[in-house]
Amino acid sequence: MRVLSRFLASATDLSHFPAPTLPEIAFLGRSNVGKSSVINSLVGAKLARTSSTPGRTRAINFFEIRWPGKPQPELIFADLPGYGYAKISREISQEWPKFIDPYIHQRSTLALCIALVDANIPPQQSDRQLLDFLSASGRGFLLVATKSDRLSNNQLHAALRTLAQEYPAARPLPFSAKTGAGRDELWKQIRQAAQTDADQWMGGSELFDPKLVGTTIEGLGAGQASLNQVERTQVVQRAG
Ligand code: GDP
């Protein structure tokens, strides 16, 4: 599936967030996990910069996504700052409370968090902290195992088994930005979460063609991502 994408805003403060008008998909993971590559692979363009790009790395970067032939954008991707290998505790305690924590807990349109882990390395303490944080937030999340092309089939199955044992609430989805493996499945899950979110938000929506949504998010709890109805109504009113 080809989509059109556009950089929307770079936020280092709550006041910089774009208006919450569209279902939003957040991407989280350690620096170098392949987050920019996943986003770029999904949209088929060099939209997200790599973690070495100065200036944008400590911000949440928002991108709008539009289907070809449709006049309006229908989704927002939010690229959250990558965190360090051993420093997440410090980063969570010092930086996350400022705007990342409020973003995850309060962003009214957040439909799904995509937590990225590297399939090539054993589960890291910082990954565990991220998944614990997401679980505690009550947000639906999807676990994506990146760089799957670097492993043989046997190694990949073993890595996925390890991840499933480590994070029993999640079913890890293998992904390779290099080969495109997992791309269609990830898009399906994104569309499913956004559709569920839009349905709960607006009581039904024509944003997404249900025929294109082939799978359900079993056991992932993406539907939990939604807000209470009062908040939704306020968002719709603001948007209108
Ligand atoms: P970020 O810091 O999380 O945004 O990570 P990047 O997307 O910049 O990727 C970090 C490094 O991993 C780069 O050298 C990428 O080329 C490499 N990489 C990312 N995704 C893949 C993948 O699917 N397969 C392989 N083999 N390498 C990847």
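Predicted model: local features only at pLDDT ≥ 70, side-chain atom pairs only at ≥ 80, totals over all residues.
Local features here need pLDDT of at least 70, side-chain atom pairs count only at pLDDT 80 or more, and totals for chains, interfaces and linings use all residues. Residues are numbered from 1 along each chain as its sequence is written, and side-chain values use heavy atoms, with hydrogens and water left out.

Let's start with helix H4, residues 125-137; helices (H or I, at least four residues) and strands (E, at least two) are DSSP runs numbered from the N terminus.

| H4 residues | State |
|---|---|
| Ser126, Asp127, Leu130, Leu131, Phe133, Leu134, Ser137 | buried |
| Gln125, Ala136 | exposed |

Seen down the axis of H4, the buried residues fall within an arc of 155°, so they line one face of the helix; the arc is that of the directions from the helix axis to the C-beta atoms. Just after H4, Gly138 has a positive phi of about 80°.

Next comes Glu64, in strand S3 (residues 60-66). Glu64 counts as buried because its relative accessibility is 15%. Leu75 is 11 residues from Glu64 in sequence, with 5.9 Å between their C-alpha atoms. Contacts of Glu64 (heavy atoms within 4.5 Å), leaving aside residues up to four places away in sequence, include Leu4, Arg6, Pro73 and Leu75.

Key. Expected span 1.5 Å × (residues − 1). Buried < 20%, exposed > 50% of the residue type's maximum accessible area, 1.4 Å probe, protein only.
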